[in-house]
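Open the model in your viewer and keep the selection panel at hand. Each stop below says what to select and what is there.

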Amino acid sequence: MTTTVAHVHGGTDAPYALSHLDSLESEAVHIFREVAGEFEKPVILFSGGKDSIVMLHLALKAFAPAPVPFTLLHVDTGHNFPEVLEYRDRTVARHGLRLHVASVQEYIDAGKLRERPDGTRNPLQTVPLTEAIQRLKFDAVFGGGRRDEEKARAKERVFSLRDEFSQWDPRRQRPELWQLYNGRHAPGEHVRVFPLSNWTELDVWQYIAREGIELPQIYFAHEREVFLRNGMWLTAGEWGGPKEDETPETRLIRYRTVGDMSCTGAVDSDATTLDAVITEIAASRLTERGATRADDKMSEAAMEDRKREGYF
Amino acid sequence: MTTTTEQLSATTLLRFATAGSVDDGKSTLVGRLLHDSKSVLTDQLEAVEHASRNRGQETPDLALLTDGLRAEREQGITIDVAYRYFATARRRFILADTPGHVQYTRNMVTGASTAELAVVLVDARNGVVEQTRRHAAVAALLRVPHVVLAVNKMDLVGYEETVFAKIAEEFTAYASGLGVPEITAIPISALAGDNVVDPSSNMDWYGGPTVLEHLETVPVSHDLTACPARFPVQYVIRPQTAEHPDYRGYAGQIASGVLRVGEAVTVLPSGRTSVIEGIDSLGESVDIAWAPQSVTLRLADDIDISRGDLIAPSASAPATTQDVEATVCHVADQPLAVGARVLIKHTTRTVKAIVKEIPSRLTLDDLSQHPNPGQLVANDIGRVVVRTAEPLALDAYADSRRTGSFLLIDPADGTTLAAGMAGEAFAGHTEPAAPDASGASDDDGWDF
């Protein structure tokens, strides 16, 4: 018998139990296949971050031995970690996938978006994202959002209907019953789909360890020149840091999330292996976003407000 | 893989829902459960403390942990179901936190549809009230396998055993009558922390588990695998590559039961038969698979199978029907009337249908039936008879929550109208089962 059965039985007392990771995996695969069965032109949002990497891994398993029947879309803020872009391109090439890139920098250069005074580009992603969805006529857009990330996301459906402006209206969400996902939508509308809704940060890391999934190296402890801003360690770069009163120093750090460099903070860590990362996450008293995301700290409802406008 | 990883991933997953009206202390219970099980992290607690101070409150309001939306915080109410995640050393939990006000029937149906356990909260001072009976009835209708009665605010009744015993007895009699298979009553004070996570020294007379202990040890339902196997086909996998020129697999999630290589199967609604030649479990070949695993089946014969078909063992294949009799909970704002043209989504199959009859509307307060209401409005629960344009391989909801459930959808705008459960309403009641009609249609002249 295969390893599937071996780890299914591990630690459970019933002959036909599933471990929690197997339950989550099975549910996510079911969601990918529902979308493939019901939509015309789905796309996976792929940033090279761990959640989108896990999504792609699940999609590869869901349709094996056939290729993934979706293209990928990356909203490039122009402030990406070079290691992550390199990983992105290598992964796309390895699996023979097609990648669309929506570029915040192009919007700024064309005068369609204006740089914010704080230099943060995360909120600027919404316009290129929603315009790419309209232009390329995607009707289902997979995101790696998890309900444990943030309290507005805890209210999000697995299938989240968006109007032609990509807006999310939390008061007008469809009830989601059993595993019967209703993806019906009018032309111009689309559905955001979150296969990792029920996963926690720890689940994601445990799954990465179990499946032996490769990640960009910035997720593991390394020495890097960083400086302190608003209580977070940010990487120096052309995006606008450090300023005169900010002093760079070399620290042993790693990243818990990967986003725009201007607002993604590093955490002090000596975790150089997956097991060490899992031990660190299990013991952490800070949430992933609380520890590393400046943009969520802008206001009590920052995420909700961005989501309403069409952000993930 | 290290020991740490194995130990952490060996735990099972329990999905549960909470039900309680606004003043029963549900938010406090959820907050206490998260807080005392150390599932609230420092930055979340700081955010709650900060927000509470901004509102002029002296102590952190734990309800702010669960009210995530701007409007919820502004109005101090819970608008919609939210899902919470926490873990102990023994188990992982997904909590469907359902709001207890106006729209609670559809919200509780939403939360309970995927729950294996429901916590019904009662204020010890008020005992079993109308709301409690409604919550018990919804849990019974949705066939939630385990129900916990949490008798809250025991501190306000002097921690009296007799108060608890009377409420527990009344509730158990009522819920058992509805067919709820397992009921556990626990006396608690969510505010003081009695019997939520830690045992209470104020109630020495109580020898049972705390709420968390019970959640950690209740058996996760495996009856899915004791039922006949059902495999709704989601997607046909045909790589047509040099490496796999002839591969043809039927992808899906096993809805119930166990499937084995070599088993004789029937494909519905066509009725064609074949034998399972191979089972691919996410890229790796296995001999046996069970619910709720997502797998891909390969059959010995090249027969026409597509999304929406159901593969079942030939020995225990379900009958197909075009006449569905069911209980529905109406979840939309627009009403559902006799004669309405709808779509019915059952497993992976969506077909046209018409509402032929609404024989009764159920009053949850006393379980009385209001005959021929003509239509159902938001939060109504009623019996319906639906005629479908194509045959469905439908089980009774009592036998399978997955293949006995369906949605009614408005074909015009895609709105989910109703949550449907085929067959009898309550396990404790005896109503005639849905008729097993032949596949022949006597009403082919529809013009959708």
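Start in chain A, at Pro65(A). This proline sits in the loop between helix H3 (50–63) and strand S2 (71–76) of chain A. Helices (H or I, at least four residues) and strands (E, at least two) are DSSP runs, numbered from the N terminus. Check the bond from Ala64(A) to Pro65(A): the peptide is cis, with omega near 5°.

Some ground rules before moving on. This is a predicted model, where local features need pLDDT of at least 70 and side-chain atom pairs count only at pLDDT 80 or more, while totals for chains, interfaces and linings use all residues. Residues are numbered from 1 along each chain as its sequence is written, chains are lettered from A and ligands numbered from 1 in the order in which they are written, and side-chain values use heavy atoms, with hydrogens and water left out.

**Chain A**

Select the whole chain. Chain A has 10 helices and 10 strands. Of its 312 residues, 63% are buried (under 20% relative accessible area; exposed is over 50%, partly exposed in between; 1.4 Å probe, protein chains only). Its accessible surface is about 11600 Å², with 49% from carbon and sulfur atoms (Shrake-Rupley method, 1.4 Å probe; for residues, only the protein chains shown count as cover).

Now select residues 20–38, helix H2 of chain A. Its 19 residues should span 27 Å at 1.5 Å a residue, and the end C-alpha atoms are 27 Å apart, which agrees. The expected span is 1.5 Å times one less than the number of residues. In H2(A), 17 of the 19 residues are buried.

Axes are lines fitted to C-alpha atoms, for helices over the stretch in contact; angles run from 0 to 180 degrees between N-to-C directions. Contact means heavy atoms within 4.5 Å.

**Chain B**

Chain B has 8 helices and 25 strands, and 59% of its 448 residues are buried.

Select residues 104–113 and 130–141, helices H5 and H6 of chain B. Their axes come within 10 Å and cross at roughly 40°. That makes H5(B) oblique to H6(B). The contact includes Tyr104(B) and Met108(B) of H5(B), with Arg134(B) and Val138(B) of H6(B).

Next, Arg143(B), in the loop between H6 and strand S5 (146–152) of chain B. Its phi is positive, about 55°, although it is not a glycine. Buried or exposed? Arg143(B) counts as buried, at 16% relative accessibility.

Compare Gln240(B), in the loop between strand S8 (235–237) and strand S9 (249–253) of chain B. Phi is positive here too, about 50°. Gln240(B) is exposed, with a relative accessible area of 56%.

Go to Pro292(B), in the loop between strand S14 (288–290) and strand S15 (294–299) of chain B. A cis peptide bond joins Ala291(B) and Pro292(B), with omega about -5°.

Finish at Val355(B), in strand S20 (residues 349–363) of chain B. Val355(B) is buried, with a relative accessible area of 1%. Its contacts include Leu336(B), Val338(B) and Val385(B).

Definitions and conventions: Angles under 35 degrees count as roughly parallel, over 145 as roughly antiparallel, 65 to 115 as roughly perpendicular and the rest as oblique. Lists of a residue's contacts leave out its neighbours within four places in sequence.
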